[in-house]
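Take a look at the model below. This report starts with a ligand and its surroundings, then turns to pairs of helices.

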Amino acid sequence: MNIKEIINTLVSGLISGSLYAIMALGLTIIYGVIHVFNFGHGIVAVLGGYFTWLFLTKLGLGLIPSILLALVFMFFFGLLLFKATINPLLKTPNWEFSTIIFLLGMGILLENLALQAFGPRVKHIPAFFEGSLKIGFVRVNWHEISLIGIVLVFILILNFFLKKTWFGQAMRAVAQDMDGARIVGISITRIFGYAFAMATMVTGFSGILLGTKYYMTPHIGWDWMVKGFVIVVLGGLGSATGAVYAAFIMGIAEALATLYLGSLWVWPIWFLIFVTILLLRPQGLAGGRTL
Amino acid sequence: MTRFNPPALEIQDVDSFYGELQVLRKASLRLQQREVVVLFGPNGHGKSTLLKAIAGIHPAAAGSIRYLGEEISRTPSAQIVEMGVAYIPEARNLFTDMTVGENLRLGAYNRRARSQVAQNLAYVFDLFPRLAERRDQIAATLSGGESRMLAVGRGLMSGAALLLIDEPSIGLSPIMKRAVFGAIAKIKSARDIAVLMVEQEVEHPLRLADRVYLLKKGRVILEKPAAEINKAEIEQAYF
Ligand SMILES: Nc1ncnc2c1ncn2[C@@H]1O[C@H](COP(=O)(O)OP(=O)(O)OP(=O)(O)O)[C@@H](O)[C@H]1O
Ligand SMILES: [Mg+2]
């Protein structure tokens with residue numbers, strides 16, 4: 001073991017941790033506000049990446065315009081999905097259970113639609129920057145530095161949005177006490193709808209970022225979803241701060257496991273940490289805290 | 001406005017159910033503008049249910065509810081708040097992970113109140129200096145009395161013309177009770193506001209109220225000016 005290896009591993013853990021953080025935030029927003037777990041999460045992330053790829057290669061748009069268009073697209077896709085399907089479900093008894101099952105079914109449907117439309121071959125989104133930065137013995141791609149930067153800025157913006165805007169405060173209010181939110185004049189279904197749309201966009205964005213570092217197939221979404229699930233549970237379901245901490249812990253754990261044990265050990269180590277922390281602290285890292 | 005000077009609230013023959021269970025049976029009452037009315041009644045006979053029907057939290061199944069002459073029995077709760085009705089539930093329903101200040105600010109969520117956040121905040125802090133001291137404290141850590149004050153304060157932030165308060169004194173020490181009722185007395189004298197208050201405690205509210213209603217088995221069975229009724233008479237009517 002040498003210091004160079006460790007530093008390189010920590011840096012790579014920070015990079016995947018930041019990607020996991022943004023992915024887990026989409027899941028956390030939906031869980032926090034609507035109190036259902038989105039089993040369609042993975043494919044939503046994949047779709048964000050696929051639409052970007054589509055606009056990039058088929059419409060011939062530049063990388064940034066393609067991403068922006070995909071984000072707008074994902075927002076309205078989420079809003080439409082909510083209005084057309086989840087909103088009617090909310091009016092039924094047992095809506096939480098029906099919604100969870102519906103989202104799972106929708107995930108499988110979308111995965112297969114994506115398979116039909118795009119085929120099973122692996123796709124990439126190009127890096128934002130070429131070249132790398134060398135500090136001493138540590139070498140990091142500019143692209144990966146930009147990923148960390150983007151995620152950190154995103155977290156700051158999200159935090160500002162949640163704490164300082166009427167809409168963000170209304171989302172937190174719904175997350176913390178639904179009757180209380182109604183009492184102050186917040187329309188629950190309206191907040192649900194926009195929270196779902198926003199989470200769909202954020203999740204799509206995480207898929208785009210993941211697609212620039214790793215690769216995408218229609219099936220990879222399930223892996224991403226399981227990772228997202230572990231992270232949000234570990235962070236304390238519904239807590240944004242907890243999810244961010246958990247994402248970095250798991251990112252670094254993954255990098256260390258890959259270095260010392262090999263990449264086949266990543267999943268066993270993830271679940272070992274998951275089970276251990278939950279045994280010691282069943283409420284998760286930021287347990288009991290809400291959005 | 002349908003009439004020249006309509007009552008603040010006019011409830012006629014309201015029925016309300018939870019599933020099969022009928023809780024309100026043709027309940028009727030009325031509040032003039034700026035009037036303070038107390039609704040007494042035994043436990044479980046539908047007082048809270050009536051307030052929830054007015055606020056649109058658990059809408060009435062039948063009957064009419066008019067606020068300043070306008071029918072609101074089918075209106076969504078968000079719009080009822082916007083029209084000027086504030087509901088302060090017995091359960092408080094505070095946003096427990098937010099600070100006192102954030103809770104109060106959210107009380108002014110409706111479009112009409114947003115432009116008056118600063119004035120209303122000053123008013124609430126003047127009414128409950130304790131809340132001003134705890135402005136940055138997380139609501140979950142407030143004492144019972146403080147969280148009751150916060151619930152009332154949050155209701156006042158909406159700039160309401162009709163305040164519905166459910167058992168503001170429940171579980172409070174005598175000193176806290178006096179503080180809360182004192183605040184309601186101040187609201188009454190200073191603000192252009194009508195108050196419909198549900199209470200178990202009799203003495204304080206009787207001193208505050210203009211009129212009294214008694215609700216039993218989902219019906220309003222008695223209506224009297226507060227000056228013409230006493231504790232014994234109210235308690236007798238419970239049985
Ligand atoms: N959400 C609910 N679901 C089912 N039944 C309910 C619900 N809320 C109230 N009830 C029932 O309706 C009846 C009236 O309840 P309500 O809360 O209006 O009584 P109350 O007069 O306010 O009583 P208290 O003085 O104890 O607060 C009670 O029998 C109660 O059990
Ligand atoms: Mg009650």
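By class, the shell around ligand 1 holds three nonpolar, seven polar and three charged residues. Here Ala, Val, Leu, Ile, Met, Phe, Trp, Tyr, Cys and Pro count as nonpolar, Asp, Glu, Lys and Arg as charged, and the others, Gly among them, as polar. This is a predicted model: local features need pLDDT of at least 70, side-chain atom pairs count only at pLDDT 80 or more, and totals for chains, interfaces and linings use all residues. Residues are numbered from 1 along each chain as its sequence is written, chains are lettered from A and ligands numbered from 1 in the order in which they are written, and side-chain values use heavy atoms, with hydrogens and water left out.

**Around the ligand**

Which residues come nearest to ligand 1? Of the 13 around it, they are Gly44(B), Lys47(B), Ser48(B), Thr49(B) and Gln200(B). A residue counts as near if one of its heavy atoms lies within 4 Å. Helix α1 (residues 47-55) of chain B gives the largest share of the shell, three residues. Helices are DSSP runs (H or I, at least four residues), numbered from the N terminus.

| Residue with backbone atom | Distance to an oxygen atom of ligand 1 |
|---|---|
| Gly44(B) | 2.7 Å |
| His45(B) | 3.2 Å |
| Gly46(B) | 3.0 Å |

On its own, ligand 1 has 630 Å² of accessible area, and the protein covers 61% of that. Such areas come from the Shrake-Rupley method with a 1.4 Å probe.

**Helix pairs in chain A**

Now to the packing of helices. Axes are lines fitted to C-alpha atoms over the stretch in contact, and angles run from 0 to 180 degrees between N-to-C directions.

Helix α1 (residues 3-34) of chain A packs against helix α10 (residues 240-260) of chain A at about 140°, with axes 6 Å apart. The two are therefore oblique to each other. Angles under 35 degrees count as roughly parallel, over 145 as roughly antiparallel, 65 to 115 as roughly perpendicular and the rest as oblique. The crossing of α1(A) and α10(A) is right-handed. Their contact has 17 nonpolar, eight polar and two charged residues.

Helix α2 (residues 41-57) of chain A and helix α4 (residues 95-118) of chain A cross at roughly 25°, and their axes come within 10 Å. So α2(A) and α4(A) are roughly parallel.

Key: Polar contact = N/O pair within 3.5 Å; in protein donor to acceptor, adjacent residues only side chain to side chain. Left-handed = near helix turned anticlockwise from the far one by under 90°.
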